[in-house]
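Please look over the structure before reading the points.

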Amino acid sequence: MSKANSILVNGKVYSVLADNSEVHGTAVAIADGKILKVGTDEEIKALADDNTEIIDCKGNTILPGMCDAHCHPSIACASIDGVDLFSVYRREDQTADDVIDIYKERIRKYVEANPDKTFIRGAGWIVSNFNEKRWPNRHDLDEICADRPIVLESFCQHNIWVNTKALEIGGLDADTPDVETGEIVREEDHYPSGLFRDAAAMFTAKASIPGYNLTTEEFKPLLIKYMDEYASRYGVTMISDCMCCDEARQAYKELAEEGKLNVRLRTVNLMTPEDCIEQIPEFIKNKGKDNVGEDFRIDTVKVFAEGAFAMTEPYRDDYCIENNLPLGSNGELYYDDETFINCASEAMKAGFSVHVHAMGDASINQSAKCLAEAQKKAGIENTRSVITHLMLVSDEVAELMGKSHIIANVQPRWMLREDDVQAVVNMIGEKGEESYPFRKLVDAGCVWAASTDFPVTPPPAPMYGIHCWMNRTCFPTGFEWEKYQGRVLGNEEPATLAEAIKGLTWGGAYQMRMEDYAGTIEEGKSADLVIMDRDMENTPKEEMYSVDVANTFFKGKMVYEKQ
């Protein structure tokens with residue numbers, strides 16, 4: 001056997017395989033970017049020579065490189081390079097105008113500190129800070145800066161807030177046609193208010209406002225910064241960017257060709273309700289053109305099944321009254337079943353997975369049914385298609401997902417009681433108490449993959465997710481602690497450590513078709529490894545939030561070391 005370039009010793013290997021069996025050992029040998037052998041310290045030290053680097057893991061856990069199987073690094077660049085509007089939560093004693101003032105102060109400071117920026121971008125404002133009585137508008141931003149365009153995306157990426165200058169350079173005015181999905185919010189004279197909500201409304205803003213997206217050259221250093229300060233720092237070596245613009249896609253491709261990625265990266269073709277019939281043939285024609293080996297690929301079609309939560313029952317009357325909505329309001333499904341099935345089936349036949357955003361139980365019901373039917377129509381039993389978010393899932397739909405091999409992509413960081421869950425309870429009643437299930441999906445036979453949806457919930461720290469997954473409650477350093485400490489979400493049995501590790505490693509690799517060379521610690525696989533700062537198997541589950549990454553390795557190279 002070859003000699004090792006480097007070895008990790010005095011550790012505790014913990015890797016969970018497809019069949020739920022586990023790989024253990026105390027040491028790992030690495031040669032030429034791959035795992036040479038897993039074993040005891042004595043066995044692995046025998047593979048060292050005078051040139052081998054020996055790394056002492058100090059008795060701590062060694063994990064496979066982790067996966068963020070649904071996130072938005074390219075969208076996060078708007079806050080990395082622009083105005084950071086995250087982490088502003090409206091208190092009970094505050095009005096919507098109070099929150100607007102907080103946002104305006106952050107924006108003002110950024111504008112004053114960046115006089116040379118010709119285009120002001122930002123992200124992170126929180127939709128639940130507002131309601132129909134008071135939404136952000138263009139006039140709020142015009143007070144700060146009227147001569148440069150300002151474009152601010154909400155934390156959930158379902159809303160855009162712009163100033164009048166952005167509307168003017170985009171030619172968006174009272175004559176701009178309304179859209180089929182989403183809403184261009186209007187003033188009394190029909191002029192846009194500066195708020196674009198969901199789907200086609202957002203795409204209208206993005207397509208109309210010149211310079212809305214960063215250029216490819218602007219994206220590249222910001223994406224490198226994301227990989228260094230977020231992915232590698234949190235032990236992530238596999239990523240699915242689930243919605244990016246053409247400029248970001250090109251930046252990823254060039255970084256892969258230049259050997260500058262610290263992660264294996266996948267992104268998606270975004271299918272939109274208005275154009276889906278024409279889009280699928282284009283996706284098929286271009287399939288593979290941007291792929292760069294194992295490092296960067298586009299093998300997925302992304303679908304938004306809904307905008308606002310589409311529920312099987314209308315929103316509660318008191319919720320509608322509080323939010324100035326007509327009684328009986330509900331979120332809308334973006335596709336009829338026939339269109340959904342036909343488009344998904346054609347994508348599947350071309351070798352694409354279909355990755356569906358669905359949160360309300362009506363949209364999840366439709367998504368599971370249509371994906372199952374699309375697979376049958378395509379004549380393919382398992383396309384590794386995905387439903388992500390999965391806020392409200394019935395037992396019957398979980399069973400259909402398991403039987404149809406539909407992957408459950410879950411956000412463990414959301415599996416806790418906090419204000420957004422309470423808003424769902426207010427919206428639909430007690431059924432909302434069972435939000436973000438996991439156990440019923442496992443029991444139904446679903447493969448599960450974990451993700452953060454970053455920047456929706458910053459930072460993208462898998463250990464925070466593991467804590468919420470294993471406890472279904474908040475942790476002392478989280479913003480929810482003071483209000484919700486000790487209050488558990490739902491009645492189901494939380495995840496075990498093994499289930500959490502599997503979803504963060506093998507599950508994500510499987511979703512993205514990487515399991516042959518990544519996702520587990522096995523001989524011959526890529527040496528994507530994470531040394532934690534303690535022994536996780538002997539850490540109380542109530543302390544999981546405090547576990548941190550000590551070192552991250554990608555293809556055998558150390559890409560992060562905790563200082």
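Trp 469 touches Val 410, Pro 412, Met 415, Phe 438, Trp 448, Ala 450, Pro 494, Ala 495, Glu 499, Ala 500, Gly 503 and Leu 504, leaving aside residues up to four places away in sequence. Contact means heavy atoms within 4.5 Å. This is a predicted model: local features need pLDDT of at least 70, side-chain atom pairs count only at pLDDT 80 or more, and totals for chains, interfaces and linings use all residues. Residues are numbered from 1 along each chain as its sequence is written, and side-chain values use heavy atoms, without hydrogens and water.

**Nonpolar cores**
- A nonpolar core is a set of buried Ala, Val, Leu, Ile, Met, Phe, Trp, Tyr and Cys residues joined through side-chain atoms within 4.5 Å.
- Buried means under 20% relative accessible area, exposed over 50%, partly exposed in between (1.4 Å probe, protein chains only).
- The largest core has 112 residues; Ile 107, Trp 125, Met 401, Trp 469 and Met 536 touch the most other members.
- Helix H3 (residues 96–113) gives the most to this core, 7 residues. Helices (H or I, at least four residues) and strands (E, at least two) are DSSP runs, numbered from the N terminus.

**Cysteines**
- The whole structure has 0 disulfides, defined as pairs of cysteine sulfur atoms within 2.5 Å.
- For Cys 343, the nearest cysteine sulfur is that of Cys 276, 3.8 Å away.
- Cys 474 is buried at 2% relative accessibility.

**Strand S2**
- In S2 (residues 12–16), 4 of 5 residues are buried.
- S2 pairs antiparallel with S3 (residues 22–25) over 4 bridges; pairing takes at least two DSSP bridges.
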